Amino acid sequence: MNIAACIKQVPATESKIRPSTDGKDIDRTGLSYVVNPYDEFGVEEGLKIKEQLGDGSVTAISIGGEKVAEALRTCLAVGSDQAIHIQDDAIEGSDGHAIARILAAALKKSDYDIIFFGRQAIDDDSGAIGIHVADLMGLPHVAGINKLEIIPDEKRAVANRQIEGATEVIEISLPAIFTCQKGLNEPRYASLPGIMKAKQKPMTVLSLSDLEISADSVDSSKAKTTVIKIESPPARSAGIIIEGSPSEAVAELIRLLREEAKVL
Amino acid sequence: MFNILVFCEQRDGKIKRVALEALGAALSLTSDGDQVTAVLIGENIASQKETLVSGGADKIILVEALTLNTYSSEAYGRIVSDIAKKENASLILMSATAMGKDLGPKVSARLEGPFAGDCIKLTLDDEGKMTATRPIYGGKATSTVLSHQASFQVATLRPNVFSVHDQAATQDPQVENYSEIPDLSNLKAIIKEVVSTAGSKIELTEANIIVSGGRGVKGPEHFDIIEALAEALGGAVGASRAAVDAGWKPHSYQVGLTGKTVSPSLYIACGISGAIQHQAGMSSSKYIVAINKDPNAPIFKIANYGIVADLFEIVPLLTEAVKKMKNE
């Protein structure tokens, strides 16, 4: 199986997020970056499939500046075979449609049987790119899988996806795209030998021209939407601590919820 | 004149409340001359017309076929984008449910239009271009985006945020039975089975009241006291990441950055310290109650009402008090 895992480098989950001074981005000073947690499930699932079938290859793919090489290196260290880093100044400010076009162009360079994405990146929380790429490539997809079974001889797979109060069991032909939800697997950590080996593994850097995409067709001027304001959510302040014995406190809480909050 | 298309999600032939929220949102964006068109896809759905009319639809498009009983990204995506083109829709709205989070990007890809997911605020300017506000970084910030195109804009709406319109219709809506159903015999992805998950019947993201348990619950066997309170309140059960990672509850219960983001009227956090990742998923709740033994737990900094005490003492008393109140 030829497997690709598309990943994004994002600020770590414990990061404090503040708007930048111009209010159009977040303040990035002092942030530490990680591989988007949902994308890690995709890398791990790729590695598991390769191990189960005893052959195949896992390629980690990402878009972004120089720093993104660190995230790709992490994917190589846990066991991915190679990495593709799409780097081009014109990509700054591109919208989801443009990012999807660029990824689709990179993915078309190789015949992948399975392409993984995270169900969403934990920075912009959009959750659209994997689905956009599937549509552009004419591939079927399942979004938000938490279980996957590959039937290689029949070129098909069975995926579970969680919906409200139920699980959908979906049969899908390969090649296909899956976006990964938590619960799919437990991503492994990089071992020291893995980290050493990663340095020898191939990392290809591609520009837009390598993908035969003109810069002005995907740059910020073509974006269908522009971010005009990033704000902190309305601050919550501490309310009251209800004192008294357990039964007094409960009685007072019920009173406040009924009379003040009016939610009961 | 704008035509706003609203994809109305149904389950087992019944319109979901969140679909009425999307209709309500559409109605609030329109003025005289604009139109709200509801699209309903499924099997045996014609009886739901009335619900859509009182929800604010001016026109209803029914897409009925046996093969459309379960969701298919490819089939629904094609049908909704075909209708959007035919209706020359300015904006296509749907709820950000599991279905909407899949269908929205799919329709947007097909129409190559502006997309904004999980919106909490939406306006249209005079030309019909949307300005949408949506939480990012799991709720640690909000992003307001401006669309540059007045046609085929797609927005999914966060459940529990937009109000349902519930006034009697002043005129009979136009009802159209959509007949141009594409050939669906070659779908590459097909739902074989839908398995109901055991447990709380109310979906977390759609619940009006949520009772969540964290590390302080001390084990899966003690979650029954959390469940009893949720049941008494008619709410859903949630869990912190600590409780999910310990295996006490499945991931579908998790509230927070790598789980669900919820905005109920009332969120009761029991034995949850309130790490920044958890707060990101629930801080937009209208009222927050925290019950925790540790007076320094960060959750108290965002809670409207706090009780510093053992949850094993407080929660059962609260359940009894709620039951008593409901019986009055």
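How many residues does the contact take from chain B, and how many from chain A? The contact takes 86 residues from chain B and 72 residues from chain A. Please bear in mind throughout that this is a predicted model.

Let me stay with this interface. The size of an interface is often given as the accessible area lost when the parts come together. Here, chain B and chain A bury about 6,800 Å² between them, and 57% of that area is on carbon and sulfur atoms. Three residues, B:Tyr137, B:Lys188 and B:Tyr305, supply 11% of the area that chain B buries against chain A, more than any other three residues.

I turn to the polar side of the contact. Across the interface of chain B and chain A, 47 residue pairs are in polar contact, counting pairs in which both residues are at pLDDT 80 or more. On the side of chain B that touches chain A, α4(B) gives the most, with nine residues. By class, this side of chain B has 38 nonpolar, 27 polar and 21 charged residues.

Side chains of opposite charge can pair when their charged atoms come close. Between chain B and chain A the count is five salt bridges. A:Glu164 forms a salt bridge with B:Arg11, and the closest N and O atoms of this pair are 3.9 Å apart.

Over all chains, a search of the whole structure finds 32 salt bridges. A further pair to look at is within chain A: the side chains of A:Glu44 and A:Arg188 meet in a salt bridge, at 2.9 Å from N to O.

Next, the empty spaces. Rolling a probe the size of a water molecule over the atoms shows where empty space is left. The count comes to two cavities of 30 Å³ or more.

What is the volume of the largest cavity? It is about 710 Å³. Of the 39 residues that line this cavity, the closest to its centre are A:Arg119, A:Gln120, B:Ala96, B:Thr97 and B:Lys101. Four elements each supply at least two residues of the lining: β7 (141-151) and β8 (156-163) of chain A, and α4 (98-111) and β7 (115-119) of chain B. The largest share, five residues, comes from α4(B), the helix that also gives the most to the side of chain B that touches chain A. By class, the lining of the largest cavity has eleven nonpolar, 18 polar and ten charged residues.

The second largest cavity holds about 40 Å³ of space. From chain A, its lining includes A:Pro11, A:Ala12, A:Thr13, A:Ile17 and A:Ile122; from chain B, it includes B:Tyr137, B:Lys140 and B:Leu257. Here the lining has six nonpolar, one polar and one charged residues.

About 770 Å³ of space lies in the second largest pocket. Of the 27 residues that line this pocket, A:Glu40, A:Phe41, A:Pro187, A:Tyr189 and B:Arg241 lie nearest its centre. The elements that give two or more residues to this lining are β3 (33-35), α1 (37-53) and α2 (68-77) of chain A, together with α6 (241-245) of chain B. Among these, α1(A) gives the most, with six residues. By class, the lining of the second largest pocket has 13 nonpolar, six polar and eight charged residues.

I close with two points of backbone geometry. Most residues other than glycine have a negative phi, and most peptide bonds are trans. The peptide bond from A:Leu174 to A:Pro175 is cis, with omega near 0°, and A:Pro175 is found in the loop between β9 (166-173) and β10 of chain A. A:Asp125, although not a glycine, has a positive phi of about 55°. A:Asp125 is found in the loop between β6 (114-118) and α4 (129-137) of chain A.

Notes: Residues are numbered from 1 along each chain as its sequence is written. Chains are lettered from A and ligands numbered from 1 in the order in which they are written. This is a predicted model: local features need pLDDT of at least 70, side-chain atom pairs count only at pLDDT 80 or more; totals for chains, interfaces and linings use all residues. Side-chain values use heavy atoms; hydrogens and water are left out. On a 1 Å grid over the protein atoms alone, a cavity is a set of points where a 1.4 Å probe fits but cannot get out, and a pocket is an open set with protein on both sides within 12 Å along at least five of seven lines; lining residues have an atom within 4 Å of a point. Grid points are joined across faces, edges and corners, and a volume is the space filled by probe spheres set on the points. Ala, Val, Leu, Ile, Met, Phe, Trp, Tyr, Cys and Pro count as nonpolar, Asp, Glu, Lys and Arg as charged, and the others, Gly among them, as polar. Contact means heavy atoms within 4.5 Å. Buried area is the accessible area (1.4 Å probe) that two parts lose on being put together, summed over both. A salt bridge is a side-chain nitrogen of Lys or Arg within 4 Å of a carboxyl oxygen of Asp or Glu. A polar contact is a pair of N or O atoms within 3.5 Å; within protein, one must be able to donate a hydrogen and the other to accept it, and residues adjacent in sequence count only if both atoms are side-chain atoms.
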